[in-house]
Amino acid sequence: MLIDTVLAVLFTHGWLHFMFKEPRNITGPLKVILSALLVVMILSDLSIKFCLIHAGTYLLLLVTSVAIYRVSPFHPLAKFPGPVLNKITKLAGMQNSWGGHGHRNNHELHKKYGPIVRVGPNDLSIVDVDAVTSVLGANGLPKGRYYDARQDPNAPSNLIILREEPHAHRRRLWNRGLTPEALREYEAIIAKRASQVISQIQESKGDIDFASYVNYFTFDVMGDMAFGRGFNMITEGDKDGLWDTLERWAFSAAVISHMPWAVRLWEKLPAVSHELLKLRKFGFDCAMQRAKGGATSKDLWYHLSDEAGLEKEKPTLREVASDGALAVIAGADTTASALASLFWSLIRNPEVYKRLQNEIDTVYADHANPLSTEKHSKLVYLNACINETLRLYPPVPTNGPRQVWYGAGPHVVAGSAIPEGTQIYVPPYSLHRDPRYFSPNPETFIPERWLESDKTMNTLAFIPFSYGPANCVGRQMAKQEMLMFASVLLQNFTFSFAKGFDSDDWPNQMHDYFVTTRGPLLLHAEPRTI
Ligand code: HEM
């Protein structure tokens, strides 16, 4: 009888391996497992007790067989080093994401195992500048199955989910919405929202949670920019708990992304489906209001819905709604994270703060208004501070993986042939801290490294906005927003940490859920006489 069970296990394992490789959907593999299980149970003498014993033995042996294969020299990724648990099961990756410190844990793994680490049964993490072009670049690889968890099953795919030709087509519309000319349209939006933040800080008598202010600022800007209307979070707070919803969704998607085959089951969990529904409703409501109400200026919606009529076929309302919601999700959290990290870094480094303050006061002497982009080319040191912040605290610290095509043979990255189907991460957090590319002191905040030629600097290894055809479409908008916001705040206030605030602990509260969630950043803002 044991022989039957072992044969059934070998048959199932072989079938699963050759037919499904790593499945995107549970139905097919489940059918194979259940059929084999049925056979095993029928071959037992049909008493309940023996049926259960054989079923249990079958499942245990199947799991053992898969585990042994994954650590064996026969596995295609056998030559790459990594922790045994990561080689055996995706649960290790899920647990890593759950804790929110996956970026740091992986960084430690790279220190231990070198530039290529096996972080999952079929996943590698590669910290090598060659991977930037060969994985993310124009002749690189498509997004991996990890991204499936970001797809709402009841909504059309948005830009971040699409791949290849459909991606390139949709990206054209996005690019039109973020040209320098389009960005000029958004300048007034940023200026209005930044002025509101100034007024709120003035009214607050100085003690503020800076992280909330930047969250609300970026959310309102993205709402104005994407849908022609903001959410008035700066003035009214987060009445609908949208920010919490976004953070919970980010956590949930980050954890389940490691097991794309379980996504549809996961989404049936009441807590998960509730957040998904809330997000979907949010996108739909914004879209309906924009579609009915129109806009007074050319917002992103104007370009995404091709109101100018430049395409043969206009995107559907539901497609534009998905992309509009993506703009808010992708653009608000990331920029807020960068701004919060920038101010934390400045206050931790008083010499840098002082030098930057001098630059702001010189460039905007005589009460000049920083809420225009005219003098941005003169903000050389602020630019360096922003780059240094994005280097040490990239708002997307690990980024999603790309996947080697099936059927096209191995893909060579950093001199190694990577087998078909492998997902490859190129984590900005570790790349940006690699002494081969940023020296000296790669883990220290030194904006001067961006300005002085005697430092080791490989800007190809600087990828806070990713790289290649699916890089961040909003990067110029983000830069513009950060320069305007930081300069006007620094012109108006002197910031310090609030009494009792544990600034050492703040980076520990940054959680890598694809984007980063952050803890409160308690500051004191002293008005400046200008
Ligand atoms: C400091 C701010 C920002 C950072 C660090 C950042 C970072 C990134 C990164 C790393 C990606 C690639 C993700 C991937 O490979 O899956 C990305 C994609 C994207 N970002 Fe940003 N982003 C920022 C701001 C913005 C803003 C302001 C917008 C909106 C205008 C935006 C819209 C998008 C979109 C739509 C994509 C998907 C692009 C595609 O798949 O073709 N981002 N961003």
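Guide: Asp207 stands opposite His524 in strand 13. Please keep in mind that this is a predicted model, where local features need pLDDT of at least 70, side-chain atom pairs count only at pLDDT 80 or more, and totals for chains, interfaces and linings use all residues. Residues are numbered from 1 along each chain as its sequence is written.

Visitor: What makes strand 3 and strand 13 a pair?

Guide: Two strands pair if DSSP finds at least two bridges between them. Strand 3 and strand 13 (residues 522–527) are joined by three bridges and run antiparallel, so they meet that definition. Strands themselves are DSSP runs of E with at least two residues, while helices are runs of H or I with at least four, all numbered from the N terminus.

Visitor: Why are strand 3 and strand 10 called edges?

Guide: The open sheet has the order 3-13-10 with antiparallel pairing. Strand 3 (207–209) and strand 10 (493–497) each have a single partner strand, so one side of each is left without a neighbour in the sheet. On average, neighbouring strands here are turned by 35° against each other, direction ignored.

Visitor: What about the sheet of four strands?

Guide: That open sheet runs 1-2-7-4, with mixed pairing. Four bridges join strand 1 to strand 2 (residues 123–126), and these two run antiparallel. Gly120 has Asp123 of strand 2 as its bridge partner.

Visitor: How is the crossing of helix 10 and helix 16 described?

Guide: The axes of helix 10 (residues 210–227) and helix 16 come within 8 Å and cross at roughly 150°. Axes are lines fitted to C-alpha atoms, for helices over the stretch in contact, and angles run from 0 to 180 degrees between N-to-C directions. Contact needs C-beta atoms, placed from the backbone, within 7 Å; among the residues making it are Phe210 and Val214 of helix 10 and Gly324 and Leu339 of helix 16.

Visitor: What classes do the residues of that contact fall into?

Guide: They divide into 14 nonpolar, six polar and no charged. Ala, Val, Leu, Ile, Met, Phe, Trp, Tyr, Cys and Pro count as nonpolar, Asp, Glu, Lys and Arg as charged, and the others, Gly among them, as polar.

Visitor: And how many residues surround the ligand?

Guide: There are 23, the closest being Gly331, Thr334, Cys472, Gly474 and Ala478. A residue is near a molecule if its C-beta atom, placed from the backbone, lies within 6 Å of it. Helix 16 gives the most to this shell, with seven residues.

Conventions:
Two residues are in contact if their C-beta atoms, placed from the backbone, lie within 7 Å.
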